[in-house]
Amino acid sequence: MVLSWTKGSRVFRRARKGKELLSNSLNDLQVEIAIPTHFRCPVTLDLMKDPVTLSTGITYDRDSIEKWIESGNNTCPVTKTELTSFDIVPNHSLRRMIQDWCVQHRSYGVERIPTPRIPVTPYEVTDTCTRILSATQQGDENKVIELVKKIKSWGKESERNKKCIVSNGAPLVLAKVFDSFSRGSIEKNFVVLEEILEVLTWMRPVPEEGRFVFLGSSNSLSCLVWFLNDQQKISTRQNASLLLKEMNVESLVKIEGIIESLVNMVKVNVEIGTASTKACLSIIFHLVYSSKSRKVILERFIELGLVSILLENILVDAEKGVCEKALGVLNCLCDSKNGVQIAKSNALTLPLVIKKLLRVSELSSSFVVSIVYKICDKAEEGVLIEAIQVGMFQKLLVLLQVGCGESTKEKATELLKLLNGYKSKAECVDSSLDFMHLKKPF
């Protein structure tokens, strides 16, 4: 062990290559501590937190060697010999030595590494899943809750555990159990359904069979929509929205109350958070864009005031990911005459939408051009003049210069021709259009 120090603010000399320095200020002294070589992982050269030994006899930090093996390597990083077995054995003796060394140097700011938990094994996961299915068949809700909490606890311990749980069939089993309990009274089975929902959320994406057969059943979807309206727990509503995003659109259309629930979620976007807002907007987009009954669904969303909600609650200060999805939904809503009329009557529409042009993403810009194209009408001079006043004409010129998709290019060209006839009647009031930002990301 090597110790060296200097007083005051003198700069330390660099340690020899390959040594990591742990430094701490102690009164007027600054201390450099060299980690013993055999405490370092041969792959990362960092202090090992969970030393494990391969079949070659070489010890590594667990995270490092697992990443090495998962990357497709089948050799020992140090000896270069081919591994006859991928089994790794915890090196408890070395781990205790490292912990003792950390304790000895805690006065220099070295923290003792915690004793790692033993990772969950594939056998433990499959055995627990089997017991969950058995308890479900027997109608033992309490036992199912206990076992699901056990899986949840394993998942919280490490990312490695999560991978092991997901790769050994737990998502499919839990989806099946969720479907089974959703057939009864949701209020009665609320606790077990909520526990399963929470675990399934971090297991996404759920296998296809789980999504379409079990979670995609009418009972499961109705249950998820019910959770979407749960006023008691925001986290439950968030989890439900994230799972519903993965469901088949045509199956969702058949669920009573889905449209009203999604609109209510978007209304409280600040409460439910960015991820859930994105999920809800994605679901709405697919419903109004690709559903077979999209026209009826469009009118229902418009009737519930979604156009105004997007303009007043979302687009005003949304982050880019949310903004892109909101513009996509608004573009679809403007396929309806009622949607266009409501958008025209809202004073925020043109200033807000045009402001997003060239500022969010290429896809968002295409949505903006499409929305303005649908709103602008030769017969309504006031709309055209307002579009010019908030900078649409200049921004379209820039958009054509920087490039865009063929469809967007055609609409932009048509809009420029339309707006050009009203330039003399409008005075541009947008002070941000000095184009100094052209060399920067929009």
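Three bridges tie strand 4 to strand 5, and the two run antiparallel; helices here are DSSP runs of H or I with at least four residues, strands are runs of E with at least two, and both are numbered from the N terminus. Strands count as paired if DSSP finds at least two bridges between them. This is a predicted model, where local features need pLDDT of at least 70, side-chain atom pairs count only at pLDDT 80 or more, and totals for chains, interfaces and linings use all residues. Residues are numbered from 1 along each chain as its sequence is written, and side-chain values use heavy atoms, with hydrogens and water left out.

- Strands of a sheet pair through backbone hydrogen bonds, either parallel or antiparallel.
- Three strands make up an open sheet with the order 5-4-6, and the pairing is antiparallel.
- Strand 5 (59-61) and strand 6 (89-90) sit at the edges with a single partner strand each, so one side of each has no neighbour in the sheet.

**The chain overall**

- The protein chain holds 23 helices and six strands.
- Of its 442 residues, 44% count as buried; buried means under 20% relative accessible area, exposed means over 50%, and partly exposed is in between (1.4 Å probe, protein chains only).
- Take the contacts in the protein chain with a separation of 6 or more: residues 24 or more positions apart account for 65% of them. Contact means heavy atoms within 4.5 Å.
- The protein chain exposes about 23,200 Å², with carbon and sulfur atoms supplying 50% of that; accessible areas come from the Shrake-Rupley method with a 1.4 Å probe, and for residues only the protein chains shown count as cover.

- Most residues other than glycine have a negative phi, and most peptide bonds are trans.
- Arg204 and Pro205 are joined by a cis peptide bond, with omega at about 0°. Pro205 is in the loop between helix 7 (190-202) and helix 8 (208-214).
- Leu45 is not a glycine, yet has a positive phi of about 65°. You'll find Leu45 in the loop between strand 3 (29-34) and strand 4 (51-53), and at 40% relative accessibility it counts as partly exposed.
- Leu358 also isn't a glycine, and its phi is positive, near 70°. Leu358 sits in the loop between helix 19 (349-355) and helix 20 (362-375), and it is buried, with a relative accessible area of 10%.

**Aromatic rings**

- Rings of Phe, Tyr and Trp (its six-membered ring) pair if their centres lie within 6.5 Å; planes under 30 degrees apart are stacked, over 60 edge-to-face, and the rest tilted. By this rule there are six aromatic pairs.
- Trp226 and Phe227 are edge-to-face, because their ring centres are 5.5 Å apart and their planes stand at 80°. Trp226 is partly exposed at 31% relative accessible area, whereas Phe227 is buried at 0%.
- Phe285 and Tyr289 form a stacked pair, 5.1 Å centre to centre with 10° between the planes. These two are four residues apart in helix 14 (residues 274-290), which means they are separated by about one helical turn. Phe285 is partly exposed at 21%, while Tyr289 is exposed at 53%.
- Ring pairs link Phe190, Trp226 and Phe227 into a cluster.
- Lys162 lies over the face of Trp202, at 5.2 Å from the ring centre. A charge sits over a ring if NZ of Lys or CZ of Arg is within 6 Å of the ring centre and within 35 degrees of the ring normal.

- Ser167 belongs to helix 5 (residues 159-167) and counts as exposed at 56% relative accessibility.
- The Ser167 side chain reaches the backbone oxygen of Cys164 at 3.2 Å and makes a polar contact with the side chain of Asn168 (3.4 Å). A polar contact is a pair of N or O atoms within 3.5 Å; within protein, one must be able to donate a hydrogen and the other to accept it, and residues adjacent in sequence count only if both atoms are side-chain atoms.
- Glu195 is in helix 7 and counts as buried at 11% relative accessibility.
- Leaving aside neighbours within four places in sequence, Glu195 is in contact with Ile145, Val148, Lys149 and Lys152.
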